[in-house]
Amino acid sequence: MNDLADLARRLRSLPPSCGPVRLIAVDGHAGSGKSTFAGHLATALGDAPVLRLDDLATHEELFGWTGLLRAQVLDHLSRGEPARYLPYDWTTRRFGPPRTLDPAPVLLVEGVGAGRSAMRPFLAALLWIEGGSAASWERGRLRDGPGLSEFWDGWTVAEQRHFAGDPSLPFADAVIRRVPTGYEWLEGPHATAGASHFVTDGEA
């Protein structure tokens, strides 16, 4: 079994992918546990910063955040500069005060679609949280309660459409699985195909 400390060590050993930053995507279906995992991984990485894509998506543009992310975050980090982005408030439906992201050695980007094709040139590694769409969505609905049922109805359609046209899992360097003691990770499809820069056991 591979634990988070091992995964963190391997991620830190990767070459920078976005200026001086090792940008790590944490992707998976909504409700699969990405946010919780990203928090644990950030701790294992020594409190690495986490950019949550929920802060860039909006009610009108659930997956239309690529240009915003590029302009406000990726272009700045690629030059070794601090990035400033405007987080979206899902209650007021407006963008809030700016937040700053410094070009840390490792930075996590967490959210559905974090491993999309437009992101992959900037990524050092893509992690996929294991879990089927139906089970993940049901978990998310239970978490959010009946008040957000209408939102979830629209979300599931949008997510299906997104992954049908721009899947992330085939490009994952590692697949993360929840186990009773925490998490374990397995080599993903991209790593087993020999196309990944992710450090494997034979290269460590």
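This is a predicted model: local features need pLDDT of at least 70, side-chain atom pairs count only at pLDDT 80 or more; totals for chains, interfaces and linings use all residues.
Helix H1 spans residues 4-13 and helix H2 spans residues 34-44, and their axes come within 9 Å of each other. The two axes cross at roughly 70°. Because angles of 65 to 115 degrees count as roughly perpendicular, H1 is roughly perpendicular to H2. The crossing in which H1 passes H2 is right-handed. On the H1 side, the contact is made by Leu-4, Leu-7, Ala-8, Leu-11 and Arg-12. Helix H2 contributes Phe-37, His-40, Leu-41 and Ala-44. Sorted by class, the contact of H1 with H2 holds 7 nonpolar residues, along with 1 polar and 1 charged.

Attention now turns to H4 and H5. Helix H4 (residues 133-144) packs with helix H5 (residues 149-165) at an angle of about 155°, and the axes lie 11 Å apart. Since angles over 145 degrees count as roughly antiparallel, H4 and H5 are roughly antiparallel to each other. Here, H4 passes H5 in a crossing that is right-handed. From H4, the residues making the contact are Trp-137, Gly-140, Arg-141, Arg-143 and Asp-144. Their partners on H5 are Ser-149, Trp-152, Asp-153, Trp-155, Thr-156, Glu-159 and Gln-160. By class, this contact of H4 with H5 comprises 5 charged, 4 polar and 3 nonpolar residues.

Notes. Residues are numbered from 1 along each chain as its sequence is written. Side-chain values use heavy atoms; hydrogens and water are left out. Axes are lines fitted to C-alpha atoms, for helices over the stretch in contact, and angles run from 0 to 180 degrees between N-to-C directions. Helices (H or I, at least four residues) and strands (E, at least two) are DSSP runs, numbered from the N terminus. Angles under 35 degrees count as roughly parallel, over 145 as roughly antiparallel, 65 to 115 as roughly perpendicular and the rest as oblique. A crossing is left-handed if the near helix is turned anticlockwise from the far one by less than a right angle, and right-handed if clockwise. Contact means heavy atoms within 4.5 Å. Ala, Val, Leu, Ile, Met, Phe, Trp, Tyr, Cys and Pro count as nonpolar, Asp, Glu, Lys and Arg as charged, and the others, Gly among them, as polar.
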